[in-house]
Number of protein chains: 2
Amino acid sequence: MFAIEFEPVGRRGEFPSEQSLLDCARQLNVDLVSVCGGFGICGRCKVQAISGDVGEQTEDEKSRLSERELAQNYRLACRTHVRSDATIHVPPESLTAPQRMQVEGLELAVEPEPLIRNLVVRLSPPSLDAPEADDQTLWAALLTQHGVSPGGIDFRVQQTLSSVLRKANWHVCVAIRETEIVALGDPSSRWLGLAADIGTTKIAVYLVDLESGKTLASRGLMNPQISYGEDIIARLAAAEKSPQNAAKLQSLLVEALNEAVESLCSETRTVRCDIVDAVIVGNTAIHHMLLKLPVRQLGMAPYVPAVRSAVDIKARDIELHIAPGAYAHLLPNIAGFVGADHVAMLLAAGIDESESTVLAVDIGTNTEICLNHRGTMRSVSCASGPAFEGAHIKFGMRAAPGAIEHVRLTGDNLGIQTIEGKPPVGVCGSGLLDVVAQLRLNNIIDGMGRMGRHPRVRSSNGGLEFVLAETPGSETITISQKDVRELQLAKAAIRVGIRALVEAEGLSEDKIDRILLAGAFGTYIDVESAIEIGMLPPLPLDRFRQMGNAAGTGARMALISRSMRGKAQQIALRDGYIEVGRIRDFNRKFAESNSMTKFIA
Amino acid sequence: MFAIEFEPVGRRGEFPSEQSLLDCARQLNVDLVSVCGGFGICGRCKVQAISGDVGEQTEDEKSRLSERELAQNYRLACRTHVRSDATIHVPPESLTAPQRMQVEGLELAVEPEPLIRNLVVRLSPPSLDAPEADDQTLWAALLTQHGVSPGGIDFRVQQTLSSVLRKANWHVCVAIRETEIVALGDPSSRWLGLAADIGTTKIAVYLVDLESGKTLASRGLMNPQISYGEDIIARLAAAEKSPQNAAKLQSLLVEALNEAVESLCSETRTVRCDIVDAVIVGNTAIHHMLLKLPVRQLGMAPYVPAVRSAVDIKARDIELHIAPGAYAHLLPNIAGFVGADHVAMLLAAGIDESESTVLAVDIGTNTEICLNHRGTMRSVSCASGPAFEGAHIKFGMRAAPGAIEHVRLTGDNLGIQTIEGKPPVGVCGSGLLDVVAQLRLNNIIDGMGRMGRHPRVRSSNGGLEFVLAETPGSETITISQKDVRELQLAKAAIRVGIRALVEAEGLSEDKIDRILLAGAFGTYIDVESAIEIGMLPPLPLDRFRQMGNAAGTGARMALISRSMRGKAQQIALRDGYIEVGRIRDFNRKFAESNSMTKFIA
């Protein structure tokens, strides 16, 4: 029996040598992706041996892994057996979606440089001989003990100042932001920050230790505004229709954030009033709805935001329940359809620093794309629709247990991988992309996306559909011709955006040195599949990088670093926005991009 | 018939030469004080002839008016008859209390230097070619048209930004405070400010044009907290007892301010959202209750304020309904019982600039006194009680129509002057002071305040009382021995305070070069009466100056001038506070000061 540890998931156990790493992982509930079911065919269960004897690489592995991967001790878990105690690194892309969400990006590659200073002071209590006011006593101590000159005290902090000082026996911890005291606590207080990325469909919330910069916990949740419409335009229309709607759309968002805060605090045994700073990002419409800004002008030409600059408000002004004196910082927007979340993504990608030609794509219900070509940055926003989120797809679903997330078809042999290995109940975005790519690879759909003959293709309600999974007693899961069409529209929108940016610089797509894929969907997709159906240009795979929730990462970077906030503002100012409505030959480009073929434009 | 104009009340009419100026004034509802009823005896109906032929001064006038007054064309209205068209100036002290309140201090001797800049800009609306966000469009116009660099926009202004810009057809008036836009309006907007002086008993509210510095209108109203106790200690106890009480005590104040704003706006045909700045003063307890600050430590030794520094908050944070983005500024406090209203009074008095020895006395339920001796400033607060406001006095009442406000007794001959000349219904503070002084002058009370014999003194319920007014069908108005005792306690508290300050500088009272009397009561009293009973030291009358509501004036000065706010902060920092509990030989001094005799200490 050998001790095996899976990192960074943090699971360990003792296993015999006969058991493959894949089986060991499964036993420890490490949700490794395995499309072929453990036969060395799909090449998805990649892991990296960090330490220990894991034997020689097999022929299957040599054909599925790249030269670089082989050199770095990458293995297919289904082909690997340990011969000693071992530590195994599981890269995020080998985990199924929910587990990947949990582990990714807990560490930030940014030096903490928070706006909030944490100062512990001992005060001299007032006496009849020196009946000094409490605020003066506090500032005097801050000056003599930390050299901090008197500034302001948040109004809510003023309201509890006298009782806190006395309860803490004149020995307190002060959270000071620039020149303003925003919170007071007992000397053991640890100040926390909140980062939130509010997407059209999903919300990611992070609790961060401001001093160390470490993410203590995170939560993913659905955007509850979805009851007002899956796409943002429907919600803008609702908000515009009545002030009641606008108020409800706002409170839905804030209540979701407040609930997430509650559960993050309970998980980490912290209290919400120690959260003394917050950074929130979202697209421009979300940003405006959250701040109760007017949205009318967002929904009609020329589609301008009310506010583009970064916004600092008291969190209480939007009923966000963290420390009463805390600020919330919203990163700047770029344009009506390129928001603060895009800025956060670009910040996380460090795209502004690149000297080469870099494309960053944040795929979602709206897909924002930015090209930095030798310092000139331009972004575009494409209405790619909610197909990737499972909407408008007959058996579409979100990335949840039982969702088919990866598919391989070799002849009649169909391999599927569901999230957590649960019996299949539907198809999530990356599964849909895989299916259609496999159908194309196997010539079951043609270059125009028309479905043809195959043993698994059947007629239904006058249309054709491909059978993905048949389970006795359950409904048969299929992908229909209509589903293929939905995907085509979505991917064409993205490709037109990429082409518009590239063309604006007088380039062709093969001049892109690097493509960064962000967002939940962009991170989980099989890039080869995306290339196969023409969603992404056919560039060498090593030019692609999948980044995880880069908007959430950018929000956290801005949370813990004053410089990063400044950088975000610079990015927003530098970024030149291309309005989709003004893309030349849009219709022709869209038709071309609609085809199911690899091409360079 | 000659045209006569009374200034600054602004009344005019045509009258024959036979009619005395006093009768002309009465006919025009100019409420001139006249205690003796127009017989040239009391010398209270002083007016100044500005232009026109008003004849020679009479012997009566020569004996009642000072050399300086005679040289400056002062006259007694009851003795004067015009011989041509004339303009007559009525000094505030010759008006009865309510009318004096209306006219006094509408002009400030301060150059307007408001924190709010008023900028009109024309914007370029966004287009598909230049789809710029509304905040950027606004800042761009401010930069090119006024050289103003981008700063912040108040959160509530952001929320209406887009609709206001479009409604005003991209031509707007901007209220900018330091670097923050706090209000937007159409180009004709005139920005207003609100000044409020919240006393324990009375509230004075002023509406001011920020650009000209002119006071457009003012309101005096009762402090509705009075239902929680006449003195401030009772209200502090109530606030401390439960958060509900504290909330109620706060909302009572703010509702009173909001109602005053409503009526000031309706009177001046302005709107509350054009009020873009506010300055509020009050004693420390009022200040804390208004800001919902903790009051527990104010009520127990060593009686310290939670907050002493000036406070800037959004008016909306205390539910004060002016422009949604407006700030409210509260002047700094000095100590637990010497508050922002005292600072405002000192600011209005310019006491800090004096090189001589100046005493400023703001008489109220609490009386704050400050001595500036060659640049050293020290203040003390005395619990003088509500007797001056009419409380605890059998026929006591506030300065309202029908209140006896001035009294003269010559032998058996009693002259009384009621406010607006209405039939007497009670005695207000200045009336009480006059009665007791007249009783003392006529030896009806002795040096210890004991009442003796006189045709108007009668027995009642085992005690003595002096009959002031008998009207058939109405209750007889009297001043009782107990009333005299109440006044003794009040005036003794004030005199002890004066003595403590003078003694702290090693001086005697006759070294005081000037005594400034502020507050409604201090302004309306007869200084000779106050000296007669030993409330004020017996110094030459020309060392006294009655200032009107100096706290309200100081608040308005701070409202229209950035320098004045800085000066207020300096005054608060410089002022050395003397705690009453630490006055040496307090009991002996109090007993001495309780006597009804003139003396220098």
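Student: In what order do the strands of the three-stranded open sheet of chain A lie?

Tutor: Strands and helices are DSSP runs numbered from the N terminus, a strand (E) having at least two residues and a helix (H or I) at least four. Two strands pair if DSSP finds at least two bridges between them. In chain A the order is 22-23-24, with antiparallel pairing. Strand 22 (457–460) and strand 24 (477–480) of chain A are the edge strands, each pairing on one side only. On average, neighbouring strands of this sheet are turned by 45° against each other, direction ignored; axes here are lines fitted to C-alpha atoms, for helices over the stretch in contact, and angles run from 0 to 180 degrees between N-to-C directions.

Student: Before we continue, what kind of model is this, and how are its parts numbered?

Tutor: It is a predicted model, in which local features need pLDDT of at least 70 and side-chain atom pairs count only at pLDDT 80 or more, while totals for chains, interfaces and linings use all residues. Residues are numbered from 1 along each chain as its sequence is written, chains are lettered from A and ligands numbered from 1 in the order in which they are written, and side-chain values use heavy atoms, with hydrogens and water left out.

Student: How many bridges pair strand 22 with strand 23 of chain A?

Tutor: In a regular strand the side chains alternate between the two faces of the sheet. Strand 22 and strand 23 (residues 463–469) of chain A pair in the antiparallel sense over four bridges. For example, Arg458(A) has Glu465(A) of strand 23 as its bridge partner.

Student: Which helix lies across strand 23 and strand 24 of chain A?

Tutor: Helix 12 (residues 481–504) of chain A does, running at about 60° to strand 24 of chain A.

Student: What is the order of the open sheet of three strands in chain B?

Tutor: In chain B the order is 22-23-24, with antiparallel pairing. Its edge strands are strand 22 (457–460) and strand 24 (477–480) of chain B, and the twist averages 45° from one strand to the next. Strand 23 (residues 463–469) and strand 24 of chain B run antiparallel and are joined by four bridges; Phe466(B) has Ile479(B) of strand 24 as its bridge partner. Helix 12 (residues 481–504) of chain B lies across strand 23 and strand 24 of chain B, at about 60° to strand 24.

Student: Which residue takes a positive phi in the hairpin of strand 19 and strand 20 of chain A?

Tutor: Most residues other than glycine have a negative phi, and most peptide bonds are trans. Strand 19 (residues 403–410) and strand 20 (residues 413–418) of chain A run antiparallel and are joined by six bridges. This hairpin has two residues between its strands, and Gly411(A) takes a positive phi near 65°. Glu420(A), a residue other than glycine, also has a positive phi, near 65°; Glu420(A) lies in the loop between strand 20 and strand 21 (426–427) of chain A.

Student: Is the peptide bond from Ala301(A) to Pro302(A) cis or trans?

Tutor: That bond is cis, with omega near 0°, and Pro302(A) is in the loop between helix 9 (284–290) and strand 14 (311–314) of chain A. In chain B, the bond from Ala301(B) to Pro302(B) is cis, with omega near 0°.

Student: How many residues of each chain take part in the contact between chain B and chain A?

Tutor: Contact means heavy atoms within 4.5 Å. Chain B gives 36 residues and chain A gives 36 residues. The two chains bury about 3300 Å² between them, 59% of it on carbon and sulfur atoms; buried area is the accessible area (1.4 Å probe) that two parts lose on being put together, summed over both. Four salt bridges are counted between the chains, and Arg316(B) and Asp317(A) meet in a salt bridge (3.5 Å, N to O). Helix 6 (155–167) of chain B is among the elements on its side of the contact, and this helix gives the most there, with six residues.

Notes:
Salt bridge = Lys/Arg side-chain N within 4 Å of Asp/Glu carboxyl O.
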